[in-house]
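The following paragraphs guide a new reader through one protein chain, from its overall make-up to selected details. Please keep the sequence and the model in view while reading.

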Amino acid sequence: MENKNKKKVSPVKSSGLSTFAGVFTPSILTILGVIMYLRFGWVVGNVGLVGSLIIVTLATSITFLTSLSLAAIATDQQVKIGGAYYMISRSLGIESGGAVGISLYLAQALSVSMYTVGFAESIVQVFPQLNEKIIAVAAILFVAGVALVSAKAASRVQYFILAAIVISLISLIFGSPIESTEIELWGASPENSVPFWVVFAVFFPAVTGIDVGVNMSGDLKDAAKSIPKGTFMAVGAGYVIYMVLPIILATRADASSLIEDPMIMRRIAFWGDAILIGVWGATLSSALGSTMAAPRVLQALARDGVLPPVMARLGKGSGKENLPRMGTIFTLIFTITAVLLGDLNMIAPVLTMFFLTAYGVLNISAGVENILKSPSFRPRFKVHWFFSLLGAAGCISAMILINPLATFIAAIFVSAIFFWLKRRNLERTWGGVGRGILLSLIRSSLMRLGEVADPKNWRPHFLVLSGAPLSRWHLIAMANSFVQGKALMTVATVLTNRNINKKRIIELERHTKEFLSRKGIYSLVRIVPAANPYVGAKTMVDNYGLGTLVPNTVILGDTREESHLPDYCDMINYFFRSQRNVMILDMEADYNANPKEKIDLWWGGLKLNGALMIVMAHMLKRSREWSEADLTIKMVVANESAAIGAEQNLAKMIDKMRSNAGYEVIIAAGKNFPEILAESSQKADLVFLGLKEPDVDYADYYRELQAKTSGLKNKVFLLAGEDVPFEEVLF
């Protein structure tokens, strides 16, 4: 039965800003700002009616494509304080997001300087006796004071300013020509004008208002809904207005008047003072919007730990609205400094570079997310990756065309911040597309590897059976000397505790990897439970790996326990039958303290183990630790006549291998090999020796080998089990 007493639950209303108040209004006020009133006549005068329409269309196209990407990311995730920085950092990762976030903050902060300088310039046009710098600083103090009070209070002030701008535009439309003129399609003559892309650079900040709405994301009722809707409305309205204004200006004044008079609109308008009210309102509102936006980016950067620790206080918020008051004060100091050092025409191109950089990365972020089709990327507003990457290409192309040197400097600036953040190893719980890109590359590479390996491209993939890392550290250190960034390495441990759970194993793997990383060793880590170490090692060889990328060379330590020898030799046999190369390191424990000056490699021919031993010796010689060691290939022959042929063959082989190894041919003269080995390699710091193929009596063979080599301090026993012609790797 229906429960008649059931109460209807009303949704809780958010106290945040609406689409119109939080996104459209600040965005359109920034778009219809200082550039429109004080520099748009200059734009039309320099490039003419057609050139102006092209500039407006190109600039708005870049902004519109960026808006599409922005809408896709905004509807995929909960956008919090920080706007575009927040979205980029949660998509491309903390390093990329931080690099662009700092650039975006600087752009927003410089926007405040640009708008207040524009405001001061318009005041001085009317009252020439006033000081432009003082007025600009006073304007900054005013907008900062409003921003420090309340975001809602600031948004209410913007309604009155929006009304003033509308009145000023209506007055301009109903104005009249100030002189008889013909429409100049391409502007003033080249000697009296500036190049097209210089004009584009000055104009572009006029269409960057979308950042203000996005950076207010933390103050919106529903950021995912308001950001796309409000941004598209503002971009569309701005485009229509900017396409109409060139027609009005070009039909009412000639090019020279448009270039020379920043307040030309006041002379054209039906009610000239309406333009003054509009320009003062627009510049102050734009400055106010950027003053509210920039500290919020700074606040997000500080909270994420991107900024240096001494600036951590900038991440704190005040009051119910979480106002970034410390960040606002910091921005106030920065903008005043910029005002005192620059003017409008100098600040605008710098802004353009910062904005284009941020827009380009935002487009790349959305495009890459779409291409990778990550399961977590499910935006409500879907945009094809082509449009995002087209927007990125537009940003990069515009930057290069405006100023190649400035583009290069911007790239260096962003890259420097990126690598600085990378070095700090910031840890965050959110993911980035970097992992998705790597997974896609790994998948593609694995599919292309194929089943048959080309010997020329052979690389070892080491499985180091070290046990607990500290107990056999010399195995890991020696394996790392072989690797040197040219091979894969997995440090493996077998746990004989059957009661250990998977969660504990994952935790141990993470701790082991962190421990190795602190030691400067970058390795994969694998821990498996098993009844005993030998069973666990066999299981790992059978099951560990991905596709054709499996460990092909097992590194293990020697055994001193007589009771373990049968199982140990059976394990070696198992590895060999599984077509794995085996390297047994019988070494002194203090690897770092041991000298590394002389390597002896005992040669029995290219076949069997010989070629692989030389390959491994050369890999070791490339390491920093062993680079100065002398490698000598040694061979034992029965008599003098055999020695002549052996020397010739060794000399030819070493020359063909393009190696600087030495060689030594030793005549047995009635001595057995163990005697010769003990005598010749007594002072060697490392000795390479081949192992015979395992058989039923392998334990006896290995026991005898241990006894015969007991006088040597550091040995590498090597058994080639992989089905690879290693001699082709050498030549």
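How many helices and strands make up the secondary structure of the chain? In this predicted model, there are 27 helices and 10 strands. The chain has 731 residues, of which 55% count as buried. Its accessible surface comes to about 33,800 Å², and 59% of that area belongs to carbon and sulfur atoms. Among contacts in the chain with a separation of 6 or more, 82% are between residues 24 or more positions apart.

Helix α3, residues 40-74, deserves a separate look. A straight helix of 35 residues would span 51 Å, yet the end C-alpha atoms of α3 are only 32 Å apart. The helix bends by about 115 degrees at G48. Because 28 of its 35 residues are buried, α3 is largely enclosed by the rest of the structure.

Another helix, α5 (residues 94-126), contains S113. This serine is buried, with a relative accessible area of 0%. Beyond its neighbours within four places in sequence, S113 is in contact with T335, A338, V339 and I347.

W271 belongs to the loop between α12 (264-268) and α13 (272-303), and is partly exposed at a relative accessible area of 45%.

Charged side chains provide a further theme. Side chains of opposite charge can pair when their charged atoms come close. The count of salt bridges in the model comes to 19. One of them joins the side chains of D600 and K634, with an N to O distance of 2.8 Å. Since D600 lies in strand β6 (residues 598-602) and K634 in strand β7 (residues 630-637), the pair ties together parts 34 residues apart in sequence. D600 is buried at 0% relative accessibility, and K634 is buried at 2%.

K634 also forms a salt bridge with E664, whose closest N and O atoms are 3.8 Å apart. This pair links strand β7 to strand β8 (residues 662-667), where E664 is found, across 30 residues. E664 counts as partly exposed, at 33% relative accessibility.

Elsewhere, K713 and D685 form a salt bridge with their closest N and O atoms 3.3 Å apart. Both residues lie in loops: K713 between α26 (698-708) and β10 (715-719), and D685 between α25 (673-680) and β9 (686-690). K713 is partly exposed at 32%, whereas D685 is buried at 5%. Finally, salt bridges that share partners join D558, R560, D586 and K715 into one network.

Methods: Residues are numbered from 1 along each chain as its sequence is written. This is a predicted model: local features need pLDDT of at least 70, side-chain atom pairs count only at pLDDT 80 or more; totals for chains, interfaces and linings use all residues. Side-chain values use heavy atoms; hydrogens and water are left out. Helices (H or I, at least four residues) and strands (E, at least two) are DSSP runs, numbered from the N terminus. Buried means under 20% relative accessible area, exposed over 50%, partly exposed in between (1.4 Å probe, protein chains only). The expected span of a helix is 1.5 Å times one less than its number of residues. The bend at a residue is the angle between axes fitted to the seven residues ending there and the seven starting there. Contact means heavy atoms within 4.5 Å. Accessible areas come from the Shrake-Rupley method with a 1.4 Å probe; for residues, only the protein chains shown count as cover. A salt bridge is a side-chain nitrogen of Lys or Arg within 4 Å of a carboxyl oxygen of Asp or Glu.
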